[in-house]
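Q: Could you walk me through how to read some features of a structure, one at a time?

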Amino acid sequence: MTKKNLLLTQRDYDFFVDLYHMTFLDIDYLKEVIYSSSSLPLIYERTKRLEEEGYIRSYRLPILTMGHQGTSKKAFTLDKKGISEVRQILGWVDFDQRWTERTPLTIHHSLEMAMVKASFQNKQEEFKLVDWLNERRGFFKYGNDNGSEVIRPDGVVLLDHPKASKPFSFMLELERSKQLIEVTRNKLQRYNEYCKMQAYQKHIALEVNTPRILFISNKQNEMEGLIRHSKGCDTSHIAGVLFTTYEQIRKDPYGQIFKAKDSKDENQRYHLAEKIIK
């Protein structure tokens, strides 16, 4: 018995566009964001059909976290027909399939960033997610000398607020567990130079005021280590440097979950756009 022609739905198109922006997605993201009203068996069946038809490809990734059921999980990326659909939707695409040839650690990092995006999409009264920039769109060369004068955030979230004339921008750094102190300080130095030069005014993907930098750590003790690493580092031109954990941002990204660099009370927790008391 031959299968019926696959008719794409709006949710499928949303899936392709999000895959284009995020490069990799998994079932957790699809269940939370794309096919939220569908059961898991239906989602598995739908992704199987999309893969058979050449819209997406899948990978099996080893599970890296302790206590997780199973030894592997499935991740998806765009295939040729999916890229063609995105081109029709957006009018233009820049998607090199070599970008999908990543190590399992890198793919897991991308999947975690996708779930951070999912968290910011949760509805609440004040803020509204107006755009999400992936690493490619967030990259910016602000200097003229060499390749070191660049910023390369893992993602940029733009949030609208009824009392703000322009969206708030937060440049996200999803940090690895054993990041060296010089890596953290070098990132902050480059962000500070970027803001000092007001390079965000030339950053074509942005139309914002001075951004804040948001560091996301896997664990509380790793977050505290980043805070220590940042002490004494000049960030005077940045609108604020915030720290939180992946677990906290998944639960309540708009809540009072952030510690702030140079806060008068180092234990005080802030909201995303709250003034930092120094």
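**Reading the model**

A: Strand β4 (residues 128-133) and β7 pair in the antiparallel sense over five bridges. Two strands pair if DSSP finds at least two bridges between them; helices (H or I, at least four residues) and strands (E, at least two) are DSSP runs, numbered from the N terminus. This is a predicted model, where local features need pLDDT of at least 70 and side-chain atom pairs count only at pLDDT 80 or more, while totals for chains, interfaces and linings use all residues. Residues are numbered from 1 along each chain as its sequence is written, and side-chain values use heavy atoms, with hydrogens and water left out.

Q: Which residue in β7 is the bridge partner of Lys 128?

A: Asp 160 is that partner. β7 also runs antiparallel to strand β8 (residues 168-174), joined by five bridges; there, Leu 159 has Phe 168 as its bridge partner in β8.

Q: Why is strand β7 described as largely enclosed?

A: Buried means under 20% relative accessible area, exposed over 50%, and partly exposed in between (1.4 Å probe, protein chains only). Five of the six residues of β7 (residues 155-160) are buried, so the rest of the structure largely encloses this strand.

Q: What is the strand order in the open sheet of three strands?

A: The order is β1-β3-β2, with antiparallel pairing. β1 and β2 (56-62) are the edge strands, each with a single partner, so one side of each has no neighbour in the sheet. β2 and β3 are joined by seven bridges, and Leu 61 has Lys 73 in β3 as its bridge partner.

Q: How should I read a helix, say α2, and which of its residues are buried?

A: An α-helix has 3.6 residues a turn, so residues three or four places apart point the same way. In α2 (residues 27-34), the buried residues are Ile 27, Tyr 29, Leu 30 and Ile 34. Viewed down the axis of α2, they fall within an arc of 155 degrees (taken from the directions from the helix axis to the C-beta atoms), so they line one face of the helix. Their cover includes α1 (10-22), β1 (25-26), α3 (40-52), β3 (72-78) and α5 (104-120), where contact means heavy atoms within 4.5 Å.

Q: Which residues touch the most other members of the largest nonpolar core?

A: A nonpolar core is a set of buried Ala, Val, Leu, Ile, Met, Phe, Trp, Tyr and Cys residues joined through side-chain atoms within 4.5 Å. Among the 48 residues of the largest one, Phe 15, Phe 16, Leu 30, Leu 50, Phe 120 and Leu 172 touch the most other members. α5 gives the most to this core, with six residues. A second, separate core has 23 residues, including Ile 151, Val 156, Met 223 and Val 241.

Q: What about backbone angles: where does Thr 23 lie?

A: Most residues other than glycine have a negative phi. Thr 23, in the loop between α1 and β1, has a positive phi of about 75 degrees although it is not a glycine. Thr 23 counts as buried, at 7% relative accessibility. Gln 198 also has a positive phi, near 50 degrees, and is partly exposed at 39%.

Q: How many disulfides are there?

A: A disulfide is a pair of cysteine sulfur atoms within 2.5 Å, and the count here is zero. The sulfur of Cys 195 is 12 Å from the closest cysteine sulfur, in Cys 233, too far for a bond. Cys 195 is buried at 4% relative accessible area, and Cys 233 is buried at 9%.
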